[in-house]
Amino acid sequence: MTDNAGNALADKGLPEMKGWLLKWTNYIKGYQRRWFVLSKGVLSYYRNQSEINHTCRGTISLHGALIHTVDSCTFVISNGGTQTFHIKAGTEVERQSWVTALELAKVKAIRAIESEEEEEEETAQVVPSQEISSVVRDLTERLENMRTCYDLITKHGAALQRALNDLESNEEESLASRTKIVNERATLFRITSNAMINAGNDYLHSAESQGHKWSKMLHHEREQRLKLEEIIETMAKQQSQMEQAAVLVRQNKPVPPMVSSSTTMSLNAAGGSSSNTALTSDDEVEFFDALEHTSSGDSTFILKLNKRRSSSEDQFDGHTGSSSESDEQKRIIKTIQQVSLVSAPRVASGGGHNNDDEDDDVDRAAQPESRESRVSNLRSSRPAKARRDRVPDKPNYPLSLWSIMKNCIGKDLSKIPMPVNFNEPLSMLQRLVEDYEYSDILDEAANCKDACEQLAHVAAFTVSAYATTTNRTGKPFNPLLGETFECDRMDDFGWRCLAEQVSHHPPVAALHCESSKWLCWQEFSMTSKFRGKYVQINPLGGAYVQFPQSGNRYSWHKVTTTVNNIIVGRLWVDQHGEMEIIGSHASQGNKCILNFIPYSYFSREVQRSVKGVVMNQRNEVKWVIRGTWDAQIEIAPVLKTSGTPDSPTYTTGEYKVAWQRRPAPADSDKYYNFTTLACQLNEEEEGVAPTDSRLRPDQRLMELGDWDESNKEKLRLEEKQRTVRRQRESEAEHAASEGRPYPAYEPMWFKREKEEGSEDFVHVFKNTYWTAKEAQDWSGCPEIY
């Protein structure tokens, strides 16, 4: 186990380490011996040492990894997404050696990447004409010096040659005199030669320093030009297609499909003219939706789901991302459904549907009764607080988004230094709390006796979180490490919430929200890329809800968000992808599959559509879901099953509204399109932690309209955070050089624990915040502002 484990090397400043460790593979094989190599900021593993040159079994880049110690010999490395290594060392000393080396490699990898990005940003800037003139003048002067030296070398070389010729002649002049002349000429030639060498070195050094900079700048400009050419070509094709479509529409002719390079999807209107949209994605999804309503009020709804296996369900084994055949077969059976749903004449909602999925053996140990009573008492004992219903109007500071982002194509959005002009006066922590604006859906779900009906309401709740994103194009402030936000709405909504930024590399936020009827928590991170025409945001981390009364528990991951028209036109947001809500504990085996259909100009579907089904433990469809993520969601129970096993038909009851968006406040377009809840999130409040987002000065200045001062404060806070991080990195390096462990950053109100029933680790609430607030004891809070 310990062979070569302590061999720490250095390669370009990045620590290296290699040795045998045990890696978790799957539940059948358990931990297996693997050869691990830490090199250049990347941890790789192999079945044995002979595979190093040809077969790598898996890698994790450390610059964005989370490293967590489980026990004296076990530690976990995760990239914040779907890839996680569970590793066990032979001894505690060996485990600490690896963890210390990994932490140090992470620090150096982050520093190396940041220095490269800073260098790229410097070379990406347009060089001022004065600088160009100065450089040209400097190189010209150095070239003139070299020409002067060349003329002198030619002159003194010729003189030296004449002196040497005279030395060989038989003239009467003494040999000593002629030798002296040769020495003088040789000295002058040597001096001018040295001057020529020095001038040449000066010119070469200046030319190389400027040439390297200009070469990178030229390469950057060439890449930018190619990307812009692709964008313009794509836009020209789209414009041409739209013009052709407009002509066909005017001629009452069918419009051909518009083909995009990113997805594959077909949508057909049953009983009417067809319209197909080609789109590409990792999941193959086909929807066939009939006319929305017939004369009798019934509707036909045909849904086909073909889902490939997602990486989040992969089992751990020697090959990264693979799983056992039996598990894959179970996965296919559970997820690949071909369902046709035909509505019957209206029946009373809930009548006739099956309650076989209720779990009579309720696990009430998941949440003690005392917590429910305590939270319920908090709500009943407080009068409703008077709160504001708007924020100051948004000032008019015109600034082109493209002028800022044109040099950032292909980069991570979170690393782009953006002025507050493109922000909204809320932090990402506060935006996460907005997910609970329609918490009454969870209250309704908590009252459901049927687990599948409860899951349908939970699905409606997950969709409601996207309601305000249609017109909210402002970027929230990136939270500082250790920043928190509390939202206590027990007096009116019946819940209270705390969020904290628990990691900076990668950026991770943890959130906990509690009510007397339900408990929610989530861990949010994301990857984002700017692609020229659009910004794509891929959320990472999971969200969870638990109902203490029934013991039912559900988890899901958010779908992809795309912000379009970055170059020209009005910004607009789309949500797309598949969301799978999985039941566990008392609701084990129940699941819901929701499809957020991508926006398409040529689709005759209702735009921003969401469709899905709820299935029980036996993989039977029990509820259907339809609607749009910006307006409302309807649900209906399945009353009867007919047809063949390959093509079953389900008769549904009457649809009922599970969620409906509230109208926007009057004139909300003047203040960032905020809802009333959004306006109240940043309202000043006494007694909150000193790290609360409400106390963040740049965010407050922006809300008050002083954007110039806000930008200055934003730069100050970011530099302060970088200084603290560099100090921790320096201390970690010093500790590593002395061979002693350096404690990793620990959040104030959350702790990282293994998620029950899985191999994943999440940040869970310590339940100490509200006690500290009551005592006004903030002694452990960092000073971040």
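A strand here is a DSSP run of E, at least two residues long, and strands are numbered from the N terminus. I start there because I will refer to strands by number. The model I am showing is predicted. My topic is its cavities.

Rolling a probe the size of a water molecule over the atoms shows where empty space is left. For this structure, a search of the whole model finds five cavities of 30 Å³ or more. I will cover two of them.

Let me take the largest cavity. Its volume is about 120 Å³. Around the largest cavity there are 14 lining residues, and D435, F461, A543, W556 and K558 are the ones nearest its centre. Which elements supply at least two residues each to this lining? They are helix 9, at 451–464, strand 18, at 519–530, and strand 20, at 543–547. Strand 18 gives the most, with three residues. By class, the lining of the largest cavity has 10 nonpolar residues, two polar and two charged.

Now the second largest cavity. The volume here is about 70 Å³. Its lining consists of R387, E486, C487, D488, R489, Q680, L681, E685 and R694. Two elements to look for in the structure are strand 15, at 484–489, and helix 10, at 676–681; each supplies at least two lining residues. Which of the elements has the largest share? That is strand 15, with four residues.

Key. Residues numbered from 1 in each chain as written. Predicted model: local features only at pLDDT ≥ 70, side-chain atom pairs only at ≥ 80, totals over all residues. Heavy atoms only, no water. 1 Å grid on protein atoms, 1.4 Å probe; cavity = no way out; pocket = protein on both sides within 12 Å on 5 of 7 lines; lining within 4 Å. Points joined across faces, edges and corners; volume = space filled by probe spheres on them. Nonpolar A, V, L, I, M, F, W, Y, C, P; charged D, E, K, R; others polar.
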